[in-house]
Amino acid sequence: MPLIMKNNINNNNNVTSTCLFSVPTLFLLFTLLSILSITFFFPFSISNPSFSLPSSSSSFINVYVTDLPRSLNYDLLHRYWSFNSDSRLGSDADLEIRSTHISKTLEFPPYPQNPLIKQYSAEYWIMGDLMTPHEMRTGSIAKRVFDARDADVVFVPFFATLSAELQLAMAKGVFRKKVGNDDYLRQREVMDFVTNTEAWKRSGGRDHVFVLTDPVAMWHVKDEIAPAILLVVDFGGWYRQDSKSSNCTSSEMIQHTQVSVLKDVIIPYTHLLPRLHLSENQERRSLLYFKGAKHRHRGGLVREKLWDLLINKPGVIMEEGFPNATGREQSIRGMRTSEFCLHPAGDTPTSCRLFDAIQSLCIPVIVSDNIELPFEGMVDYSEFSVFVAVGDALKPDWLVDHLQKISKEQKDEFRRSMARVQPIFVYDNGHPGGIGPVPLDGAVNHIWKKVHDKLPLIKEAIIREKRKPTGVLAPRRCHCT
């Protein structure tokens with residue numbers, strides 16, 4: 001645990017003359033003051049990545065929760081659990097939960113266990129933290145306030161991913177349309193409600209927080225939420241650059257490019273595989289493991305090329321599929337018995353596969369040139385991951401040769417570093433409905449810490465906008481980094 005010191009003010013009247021102290025006494029005092037100075041300026045151990053609660057109220061973040069109707073969050077879960085079965089959403093885990101009928105009557109129903117949806121469950125755990133009664137919120141750095149004027153940020157409690165997944169399950173053909181699209185109607189209801197609040201009008205939405213873990217969440221209103229703080233797993237579903245503007249020389253922002261590491265927060269996918277502790281690690285017989293779909297779109301085209309290069313290499317296991325109910329055990333076995341786990345880009349630059357690898361102590365091999373990662377600045381991924389340029393990975397035999405040259409000592413150090421950061425990527429607080437104290441060093445607190453770090457820039461943007469004369473618009477800058 002880090003040592004937190006209170007500032008003490010010494011009363012100078014108690015010291016009449018320095019000559020009252022002997023030389024040994026002065027030496028001891030000097031030593032003590034040196035230790036106290038180091039403790040004061042470096043209160044957290046650099047070698048210990050564990051998270052600690054802030055020592056002052058200014059380090060907490062005050063969060064106001066917009067008063068959206070339950071039909072836009074927890075009642076969507078009731079709707080999900082009312083389905084008897086569905087080809088897209090059905091899974092053995094969900095069928096088991098449905099059979100109890102308990103989920104239909106709970107105030108805070110469980111989130112789906114179907115991996116297609118569970119991987120995006122950040123919205124559920126962040127909301128659960130804020131819905132937890134004050135006396136139980138012992139671990140969170142987010143302090144809920146009930147007047148928007150007292151808030152640092154305004155949280156919008158819309159289960160945007162669940163809304164999108166329900167629509168894709170029931171009527172995928174109209175997902176990109178507005179007519180007959182229940183998800184669009186919910187998006188419209190959220191924006192009509194939020195933009196008419198005094199909180200939004202004061203800030204232009206710049207201090208509002210939306211959770212958009214699924215790349216298609218709130219797809220129809222992306223232009224409207226562009227000023228807000230967006231919690232996203234990556235930027236892959238947002239960029240729509242064409243050949244004329246891809247060099248980023250225009251003074252106007254590229255259409256649909258409304259995300260930036262300056263204002264938004266990259267958050268982790270929810271891992272689907274259980275944690276393997278370092279003490280449980282055993283011999284790893286395979287060099288490299290991958291399980292997933294071979295064919296992907298956009299940046300994921302590299303995956304198909306890698307597949308063809310690696311499929312017949314000794315020590316390399318390439319498996320088609322998803323870690324659902326039938327493939328989960330296969331994924332656990334593959335990740336726990338391989339030294340490295342391949343993480344190529346898919347439809348978007350990242351996926352939950354990276355966080356499954358971390359929980360399995362399988363060293364990630366990241367082949368994705370445009371990847372953004374959660375909690376950078378708090379986590380140094382180079383301490384437990386291997387980053388490979390796409391151009392190098394696509395050279396015949398290059399990747400396997402590169403991995404084989406990594407020493408056992410280096411691999412062991414990678415795994416020790418990985419074990420230290422495993423808790424940082426965990427959302428689940430172990431409480432029914434997500435209502436209860438969050439893990440002190442878990443994902444939810446790290447997300448709020450990242451949002452807290454952006455407050456000065458957000459406040460500056462709000463103030464700059466206020467002083468602009470009527471009719472003058474701020475230039476929409478292109479964020480390339």
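Colleague: Is Leu457 buried or exposed, or something in between?
Modeller: This is a predicted model, and in it Leu457 has a relative accessible area of 48%. Leu457 therefore counts as partly exposed, as the value falls between the 20% and 50% cut-offs.

Colleague: Where is Leu457 placed?
Modeller: Leu457 belongs to helix α17, which covers residues 455–466.

Colleague: How many bridges join β1 to β3?
Modeller: Three bridges join β1 (residues 61–65) to β3 (residues 153–155), and the two strands run parallel. Val65 stands opposite Phe155 of β3.

Colleague: Changing topic, why is helix α5 described as largely enclosed?
Modeller: Helix α5 (residues 122–131) has 10 residues, and nine of them are buried, so the rest of the structure largely encloses the helix. Among the buried residues are Glu123, Trp125 and Asp129.

Colleague: And what percentage of the protein's residues count as buried?
Modeller: The figure is 49% of the 481 residues. The accessible surface of the protein is about 24,100 Å², of which carbon and sulfur atoms supply 55%.

Colleague: On to charges. How many salt bridges does the structure hold?
Modeller: There are 18 salt bridges. One of them is between Glu339 and Lys411, with an N to O distance of 3.6 Å. This pair links distant parts of the chain, 72 residues apart: Glu339 is in strand β9 (residues 338–344) and Lys411 is in helix α15 (residues 408–421).

Colleague: Are Glu339 and Lys411 buried or exposed?
Modeller: Glu339 is buried, because its relative accessible area of 15% is under the 20% cut-off. Lys411 is buried as well, with a value of 14%.

Colleague: What about the salt bridge of Asp147 and Arg149?
Modeller: Their side chains meet at 2.9 Å, N to O. Asp147 is partly exposed at 24% relative accessible area, whereas Arg149 is exposed at 65%.

Colleague: Which residues are linked in a network of salt bridges?
Modeller: Arg188, Asp192 and Glu224 are linked in such a network.

Colleague: Lastly, the backbone. What is the phi of Leu361?
Modeller: Leu361 has a positive phi of about 55°, although it is not a glycine. Leu361 sits in the loop between α12 (353–359) and β10 (363–367). With 0% relative accessibility, Leu361 counts as buried.

Colleague: And Asp397, is its phi positive or negative?
Modeller: The phi of Asp397 is positive, near 70°, again in a residue other than glycine. Asp397 lies in the loop between α13 (390–393) and α14 (398–404). At 39% relative accessibility, Asp397 counts as partly exposed.

Key:
Residues numbered from 1 in each chain as written. Predicted model: local features only at pLDDT ≥ 70, side-chain atom pairs only at ≥ 80, totals over all residues. Heavy atoms only, no water. Helix = DSSP H or I, 4+ residues; strand = E, 2+ residues; numbered from the N terminus. Buried < 20%, exposed > 50% of the residue type's maximum accessible area, 1.4 Å probe, protein only. Areas by Shrake-Rupley, 256 points an atom, 1.4 Å probe, with all protein chains shown as cover. Pairing = 2+ DSSP bridges. Salt bridge = Lys/Arg side-chain N within 4 Å of Asp/Glu carboxyl O.
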